[in-house]
Amino acid sequence: MGHKPNTPLLDKVHSPADMKGFSDSELRQLANEVRSETISAVSVTGGHLGAGLGVVELTVALHAVFDAPKDRIIWDVSHQCYPHKILTGRRDRIRTLRQKDGLSGFTKRSESPYDPFGAAHSSTSISAALGFAVARDLGGAPEHGIGDCIAVIGDGAMSAGMAYEAMNNAGHLKKRLIVILNDNEMSIAPPVGAMSSYLSRLYAGAPFQELKAAAKGAVSLLPEPLQEGARRAKDMLKHMTVGGTLFEELGFSYLGPIDGHDMEQLLAVLRTVKDRATGPILIHAITKKGKGYAPAEAARDKGHGVSKFDVVTGEQKKAASNAPSYTKVFAEALIKQAEKDDKVCAVTAAMPDGTGLKLFAERYPSRCFDVGIAEQHGVTFSAGLAAGGMKPFAAIYSTFLQRGYDQVVHDVAIQRLPVRFAIDRAGLVGADGATHAGAFDVAYLANLPGFVVMAAADEAELTRMVATAVAHDDGPIAFRFPRGEGTGVEMPEDPQPLEIGKGRIIQDGSRVALLSFGARLQEVQKAAENLAAKGINPTIADARFAKPLDRELMLQLAANHEALITIEEGAIGGFGSHVAQLLAEEQVFDTGLKYRSMVLPDTFIDQAGPRDMYAVAKLNAEDIEAKVLDTLGVAQLDSKRA
Ligand SMILES: Cc1ncc(C[n+]2csc(CCOP(=O)(O)OP(=O)(O)O)c2C)c(N)n1
Ligand SMILES: CC(=O)[C@@H](O)[C@H](O)COP(=O)(O)O
Ligand SMILES: [Mg+2]
């Protein structure tokens, strides 16, 4: 651990300008040093390793040939941006990646001028790069001016509709725009879908790039080393037909496939493109995820996301806990339900591991669907499955479901279709930061007529919510649960469905009622223990449902307590807002009830450990305790925390 590589060339690079005098062979050596530095840094921070290792040569070549920040290099998803950060003046902080107050694990405009566009959700890069290109041509040049606009997008990200929407538009606008398709034949899991097979076919055969260039009479556009092959290929072409690639049909010039780890080829192609490109051009680079680090190359996920590890052995440090993860509990509960009901099926948008559906797929392959990075399609596909009589569980992270919102409203809710939404990664997730926070789902689902919205307080509750969702056939239903391990609570043998719209009292008390929605319940209970030592014994309730609300429970809590405080792991507009609406409608505020709602603050919270992020949000036990004391007007030592 903490092993520092020998990096004589990299030590001279403080910005890409410092690479400009390097020879091609020095650039090759620089790439090796960047690779070692990336491995070393991620070994102490954890994070996205495989994707960055796969683009080391490409990153060095791009910065050697182009002139960032004037030329805009836009990394799709941007989980592969660590080598780019190392070369763009952030090496001194690279071992703070994904840590509190450290570098973000993704590109971020506020972090560096070399990050022209922030990302973390996939498939946005071509749209953004095209926007920059049009802004350039309209003279809207901001700081640095705008030169070339380059999107680097993976084969996984190419499975999303947005990438095609962007190419369709780019082909029409005919602006000079460079798209680099970084094809490593991997998403997080092995990629799925017809597009992935198509990309493989593009390079499965003979020297396709040479044939294509020859067919188009574009031999001179190819770098020297490839020209001879192309000339030879021209003769072969007399006897065969070469159709246009999909990209060419969309209006792009297609160059490739090229070896994305061969520095000579990369430099030659990029230099040629820089000199000669006019309209949109797509360079198809073949790379290996995890390249150059044996444990990553050998891993099933090619080292996509790793915890801290030993550089020599590749062994990762695992968090010690006996409690199962919520994700695993969900997957196992769903499998149990599927054993009893052959209509139960499951949909994931390229996250079979992250959602636990890999386990479901192993057991019920014909009832599990990985649709690729296509949340919009995944939601409407689930709507179709539901309309067709199946019981689909759309297992999608809270943050990624945002992308399918119109589909949730228009295709599911308005038609009152019983799609079951299993919303993982609810609340603050830690190292991935603001882009991955599951902050908004309660607000954006509970405002939809006819939706049932639940949140699990612990993993036993989660199994009951899965059962509830199977049983609920009258419209859409969603249940949310957090990232990470559960509480270790005893699990029910045969989880029974909950009564829709009914919460539960956890503890009877007086003066103040703490009404929790979701997994903050443990913090609420800790706060209550601390308060008991101060002579205050709160009532604690678990709402279970944000919609429909348990009106009776809420009105009873309001009537019998001086203060009512709601607590949730979600943004304003969620559970607390619905409770406030109910209390207002029932004129409960007129009685003098002290009502408080503890929600995520109206800011995007930077990455840190979940506990630190919740401290920023003021949603930890000590914050709940302080809120109670403040609301009841009880003096406290540290009054500023309330
Ligand atoms: C909208 C959205 N859905 C899902 C994800 C989760 N995700 C992050 S990276 C990734 C795979 C990307 O594959 P690819 O673009 O080929 O990049 P690679 O990791 O292979 O370099 C997925 C599914 C995401 N970031 N955004
Ligand atoms: C970049 C990306 O979107 C994913 O790799 C994400 O970081 C996975 O998050 P989990 O670790 O919570 O599955
Ligand atoms: Mg890939």
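In which sense, left-handed or right-handed, do helix 13 and helix 19 cross? Before I answer, please keep in mind that this is a predicted model, in which local features need pLDDT of at least 70 and side-chain atom pairs count only at pLDDT 80 or more, while totals for chains, interfaces and linings use all residues. Residues are numbered from 1 along each chain as its sequence is written, and chains are lettered from A and ligands numbered from 1 in the order in which they are written.

The crossing of helix 13 and helix 19 is right-handed, a term that applies if the near helix is turned clockwise from the far one by less than a right angle. The axes of helix 13 (residues 326-340) and helix 19 (residues 459-471) come within 9 Å and cross at roughly 35 degrees; axes here are lines fitted to C-alpha atoms, for helices over the stretch in contact, with angles running from 0 to 180 degrees between N-to-C directions. Helices (H or I, at least four residues) and strands (E, at least two) are DSSP runs, numbered from the N terminus. Among the residues that make the contact are Phe-330 and Leu-334 of helix 13 and Leu-462 and Val-466 of helix 19, where contact requires C-beta atoms, placed from the backbone, to lie within 7 Å.

Turning to the ligands, 24 residues surround ligand 1, and the closest are Ala-51, Ser-122, Gly-154, Gly-156 and Ala-157; a residue is counted if its C-beta atom, placed from the backbone, lies within 6 Å. The shell around ligand 1 draws at least three residues from each of domain 1 (10-298) and domain 2 (326-480), with bounds that come from an automatic or database domain assignment. Around ligand 2 we find residues including His-79, Arg-425, Asp-432 and Arg-483, and because both domain 1 and domain 2 give residues to its shell, ligand 2 lies between them.

Finally, the sheet: seven strands form an open sheet in the order 7-6-8-9-11-10-15, with mixed pairing, where two strands pair if DSSP finds at least two bridges between them. Strand 7 (368-370) and strand 15 (545-547) stand at the edges with a single partner strand each, so one side of each is left without a neighbour in the sheet. Within this sheet, strand 6 (residues 344-348) and strand 8 (residues 391-397) pair in the parallel sense over five bridges, with Val-344 standing opposite Lys-391 in strand 8. Helix 15 (residues 375-387) lies across strand 6 and strand 8, and runs at about 165 degrees to strand 8.

Technical notes:
Contact = placed C-beta atoms within 7 Å.
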